[in-house]
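Please look over the sequence and the model below before reading on.

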Amino acid sequence: MSTVVATGLTQRFGSEVALESVDLVIDGGEHLAVLGENGAGKTTLLRMLATAARPTSGSLEIFGLNALVERRRLRSRIGFVAHAPGLYPALSAAENLQFFCTLQGVAHARVAEVLDLVGLGDLARRPAARLSRGAQQRLAIGRAVLHDPKLLVLDEPDASLDSGAGDLLAQVMKGRTAVIATHDHALANRLCQRTLELRRGRVFGVPTRLRVVH
Amino acid sequence: MRSIAVAFAVARKDLTAEWRTRELVPALAQFVVLALVIANFGFQFDSRNAPAIAPGVLWMTLVFAGLVAFGRAFAAEREQSSLEAMLLTPASPAAIFAGKALAAGLLLVICEAVLLPALGLFFNVPVTFDVVSAVLLATVGMAVLGCLFAAMVARVRARELLLPLLTLPLWIPFIVIGGQAVLGAMGASGAGTDQATGLLIDLDILFVVLTSLTARFVLDE
């Protein structure tokens, strides 16, 4: 069954077209890399998939639900890593995750597990403001998988990460449907079965299948 | 039950952040004391007219302190890009809003704990239970309205200008009725404290319900 079915997704900001008539089907468990230059529409597309933005026109179904109507129902099944980590600087790494556990309705016991997963077990008590940019990004990735989402939407998650980024991302994407926007073609090849290239808001060429899904 | 847990988690998170950073409360406390010092020198008052002047000073100070406190409630979330992360959870936007309003209201109450004794000291007026209850009741309504408009203007560049323009007209009933309640409690003639307090409770109920219903539309877009 397809996890995402998008038809004619279009986003306009005034006279500017950020995304135009994007059709997209993502199968369950599939990893899709969205490539493209700055301003190509990657973030706009990913924000729609994460239910953070509504398209100007077009339809979007996620897990068989209308993503424009059933947004709150879907949010417990989607994890999103945005451009900015969006953490609370005065709270520690663990407190940041505990807070989101309450919002997600997840037991606080999950925090230690996630901190270990993203390699921040030793920094659990450090305020987010005092974490390096890479550690903040790891924490944001941890927050996105806190509720064990079935669909993971990652907007340039590798931007501030070190050389271990690929391993971490492979680990969190494992067993989930994932969409990742990146400029790193090597990372896309490593993590994803398929790529979608956007140019000026339009899909460029035919989505490429990189390797067979196992 | 989950909405209550979410609201308390949001409020606790905001209060913890304020306790650790001490960004807002010390500045607000300083502001209220300075406002009273200026009023002390600016008004010619004596023991006869002090009960008539003090309520005006109280509400003016409270209104400006409130605008700062409620304005920060959502501005900080926007600056940290954390509001979206919060809203992309299944938590009810109304519960998130209630938590933000609760925290901002409590921060204003802390300022009132400085303001009211200082007012009694500077103006030599009685700060009775009726005065405190009128101020606290007005704080509830002002907090929910202030936070609703703060959420609305948080993504706008001119939010510092827009927030007072939107909020002050709707705060006027609290200032007028709260002013009457405080006037009566401080011993000025012609004011019915009990009736004014009852009206403040009615206004609180009305605006808490209205803002709870509209918060979803303000936050979720």
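What share of the contacts in chain B with a separation of 6 or more is accounted for by residues 24 or more positions apart? The share is 80%, where two residues are in contact if their C-beta atoms, placed from the backbone, lie within 7 Å. This is a predicted model, in which local features need pLDDT of at least 70 and side-chain atom pairs count only at pLDDT 80 or more, while totals for chains, interfaces and linings use all residues. Residues are numbered from 1 along each chain as its sequence is written, and chains are lettered from A and ligands numbered from 1 in the order in which they are written.

**Chain B as a whole**
- Chain B has eight helices and zero strands, where helices (H or I, at least four residues) and strands (E, at least two) are DSSP runs numbered from the N terminus.
- Along its principal axes, the C-alpha trace of chain B spans about 55 × 35 × 30 Å.

**Where chain A touches chain B**
- In the contact between the chains, 22 residues of chain A meet 19 residues of chain B.
- On the side of chain A that touches chain B, α3(A) gives the most, with five residues.
- The residues of that side of chain A divide into 13 nonpolar, six polar and three charged (Ala, Val, Leu, Ile, Met, Phe, Trp, Tyr, Cys and Pro count as nonpolar, Asp, Glu, Lys and Arg as charged, and the others, Gly among them, as polar).

**Two helix pairs**
- Helix α1 (residues 2–21) of chain B packs against helix α5 (residues 93–123) of chain B at an angle of about 40°, with their axes 7 Å apart; axes are lines fitted to C-alpha atoms, for helices over the stretch in contact, and angles run from 0 to 180 degrees between N-to-C directions.
- That angle makes α1(B) oblique to α5(B), because angles under 35 degrees count as roughly parallel, over 145 as roughly antiparallel, 65 to 115 as roughly perpendicular and the rest as oblique.
- By class, the contact of α1(B) with α5(B) has 14 nonpolar, two polar and three charged residues.
- In chain A, the axes of α3(A) and helix α5 (residues 133–145) come within 10 Å and cross at roughly 25°, which makes α3(A) roughly parallel to α5(A).
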